[in-house]
Structure formats: structure tokens, C-alpha cells
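Please look at the sequence and the structure before reading on.

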Amino acid sequence: MSQPTARKHTALPKARILIEALPWLTRHHGKTVVIKFGGNAMVDDELKAAFAQDVVFLRHAGLRPVVVHGGGPQISAQLDRHGLVSEFKAGLRVTTDEAMDVVRMVLAGQVQRELVGLLNRHGPLAVGMTGEDAHLMSATKHFAEIDGERVDIGRVGQITELDTGAVQALLDDGRIPVVSSIARSADDGHVYNVNADTAAAALAAALGAETLMVLTDVEGLYADWPHSDEVISKLTASQLEKLLPELASGMVPKMEGCLYAVRNGVSTARVLDGRVQHSILLEIFTDEGIGTMVLPDGAVPHQNDNDTEGEDQ
């Protein structure tokens, strides 16, 4: 009598995908990951929903995600409604006193609320806060440097101190902190607009995060833009530092943030294409990975750290 043939299970590919993720699940378990949410992922409803799913997945997979967000498109739209001009210098938004009121309202009252709502569709997980809360971020006035000249760009701050106690308490309680990049000054009492890339990098370092992930609207760091769209899949801090003067102004805060993070204790910093649904999961839990990874000088990548030549894109 012939043996019965094994039933073909249509769900088997799902099991294989889960098993492929096992080495990363093991390595990242219990680790803190700071994710800077920005770009197109902030304004496209499907991308926003996918982002929220990814962050909740990380939380349930045993990681400790922290989200830091800006709100460039939303701030520009609201300033326009108020008849206020959006102006940028050295890649940073010029922020007048009137503009600062709008920035604070949009970040803490609109963008953060929506993101907290999307995450909390999946359970009582997300808690919103700004850099003002519990002295999380303190700042001083930041001056831009353009052609060697110091330029006043208004209520833009640079972080001078972080107190991560409130964020750590939320993480220990199994929550997902969602942080708006606003800081209060310790010296003049003003509230400052802090670049969200810079804030995410500073927070990642202060938390001793395993990874900083920065979502943007490009595939990663291009090797020879605009002459080529080849993406650099991996580079060291020193290699990145040499490239910084050649980068487009919008990429400078992102890559400076990555550089700061890996030089201050963060194991890897990654720039991802936020236009790709589930880019966070693709980067953390697959062999291929996407985007650009920055490593500390002298770091030895894990064997399965998206280290396949030519496959990162």
C-alpha cells in the first residue's frame, strides 16, 4: 500500500519567512531602536499605516522602539495657511517667533497625535511627548553657518542636554514613546525647533540604542549623485565624514546624525527609503536589507548584517 503524500501547505512560505528572521529576532531582542519618522511616509496614508504596523511588530518581536518625528510638509502647509513664508538656510527651517507657535502646534497637536492614534489601533502602546516633557531635551539657540558666516535662523535650537528618564520608564513599561522634536532652553526660557534628524541621533546615543533608523525620500546615500543612482550599502564613520561636504543640503542633517550616533555608542545607523512600505522590517529582518548602513570605525559587521554584496538594493 502506497504511503500517503504529504499535504501541500499553502502557508509554508510564511513559515520560511519567519525562520529567515530568526537570527535577527535573536540578536535584536531587548535592544532599543530609535526611528526618525519623516518624508513621504508622513503624508501618505498607506505608508503611515505600514509604518505603524512595523513599529508595533518590532515591539511585539521583543525590541524597544522609540519614534522621533518632525513634520516638515505639515508645518509648511500650516505656515502657508497663516500667510507665513517657509524659508530654509543650510538645510534648516528659519523659525520666527510666529512660526514657532505654528511648529509647536503642528508637531505636538497634529503629527504626534495622528501617529499615536495609528500605533494605538494595535493596543495601548504609544505615548506622545515632546522634548519639553520631563526635561527630555534642553537646547540653546543654533546659528547656521553659510560660507563661513554665522547666520541667525530664529528659534532653531541645538540640543545641549538630555534626560532620558521618562523615555526609559515608558520603555520599561512596554510602551512606545513618540517624541516631537521641540526643546526648551535652560538659559532663556524659549522653546526651540530642533531638527528631528539631529534630535533622533542625540536620543539614540543617550539611550544607548542598538540602532538609529532614519526614514527619508531617497533610496539611501548615493555614491555619485546626480551622475549615478547607485546606493552605497555600507560605509564607516570616517568614510561618511569625507563625503559630508559633497552632500545635498537636505541630506546633511540626516548623515551628520548618523555620524554622531555611531561615534557615540550606537552600533549602526541606517538611512532608509520611507517610500517603500515596510522598509523598517525589510532592513531589520531580511538578508537583503535596503538603504545605507553606517558603522563605527573598526566595527566588524555581523555575518548576517545585510552583508551580501550587491544585494542591498
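Predicted model: local features only at pLDDT ≥ 70, side-chain atom pairs only at ≥ 80, totals over all residues.

Residues are numbered from 1 along each chain as its sequence is written, and side-chain values use heavy atoms, with hydrogens and water left out.

**Nonpolar cores**

- A nonpolar core is a set of buried Ala, Val, Leu, Ile, Met, Phe, Trp, Tyr and Cys residues joined through side-chain atoms within 4.5 Å.
- Buried means under 20% relative accessible area, exposed means over 50%, and partly exposed is in between (1.4 Å probe, protein chains only).
- The largest nonpolar core holds 43 residues, and I35, F51, L58, L119 and F285 have the most contacts inside it.
- At least two residues of this core come from each of β1 (32–37), α3 (45–60), α4 (72–81), α5 (97–119), β8 (176–180), β11 (211–216) and α10 (279–285).
- Helices (H or I, at least four residues) and strands (E, at least two) are DSSP runs, numbered from the N terminus.
- The biggest contribution to this core is that of α5, with 11 residues.
- Another core lies apart from it and has 41 residues, including M129, V167, A209 and V266.
- As a general rule, nonpolar side chains in soluble globular proteins tend to be buried together.

**Helix α3**

- The 16 residues of α3 should span 22 Å at 1.5 Å a residue, and the end C-alpha atoms are 23 Å apart, which agrees. The expected span is 1.5 Å times one less than the number of residues.
- D44 caps the N-terminal end of α3, with a side-chain oxygen 3.0 Å from the backbone nitrogen of E46. This is a polar contact (a pair of N or O atoms within 3.5 Å; within protein, one must be able to donate a hydrogen and the other to accept it, and residues adjacent in sequence count only if both atoms are side-chain atoms).
- L47, K48, A50, F51, A52, D54, V55, V56 and L58 are the buried residues of α3.
- These buried residues pack against β1, β2 (64–69), α5, β8, β11 and α10.
- F51 is in contact (heavy atoms within 4.5 Å) with I35, F37, V67, L115, L215 and I280, not counting residues up to four places away in sequence.
- After α3 comes G62, whose phi is positive, near 100°.

**Aromatic pairs**

- How many aromatic pairs does a search of the whole structure find? It finds 2.
- Rings of Phe, Tyr and Trp (its six-membered ring) pair if their centres lie within 6.5 Å; planes under 30 degrees apart count as stacked, over 60 as edge-to-face and the rest as tilted.
- F37 and F51 have ring centres 4.1 Å apart and planes at 25°, so this pair is stacked.
- F37 is in strand β1 and F51 in helix α3, 14 residues apart. F37 counts as buried at 2% relative accessibility, and F51 is buried at 3%.
- F57 and F285 form an edge-to-face pair, 5.8 Å centre to centre with 65° between the planes.
- F57 lies in helix α3 and F285 in helix α10, so the pair ties together parts that are 228 residues apart in sequence. F57 counts as partly exposed at 40% relative accessibility, whereas F285 counts as buried at 7%.

**Strand β16**

- Both faces of β16 (residues 292–295) are covered: T292 and V294 on one side and M293 and L295 on the other are all buried.
- β16 pairs with β14 (residues 234–236) in the parallel sense over 3 bridges, and with β15 (residues 268–273) in the antiparallel sense over 3 bridges. Two strands pair if DSSP finds at least two bridges between them.
- T236 stands opposite L295, and R270 stands opposite M293.
- A polar atom of the T292 side chain lies 2.8 Å from the backbone nitrogen of L221.

**Helix α7**

- In α7 (residues 196–207), 10 of the 12 residues are buried.
- A side-chain oxygen of N195 reaches to within 2.9 Å of the backbone nitrogen of D197 at the start of α7.
- G208 follows α7 and has a positive phi, near 65°.

**Residue Q74**

- Q74 is in helix α4 and counts as buried at 11% relative accessibility.
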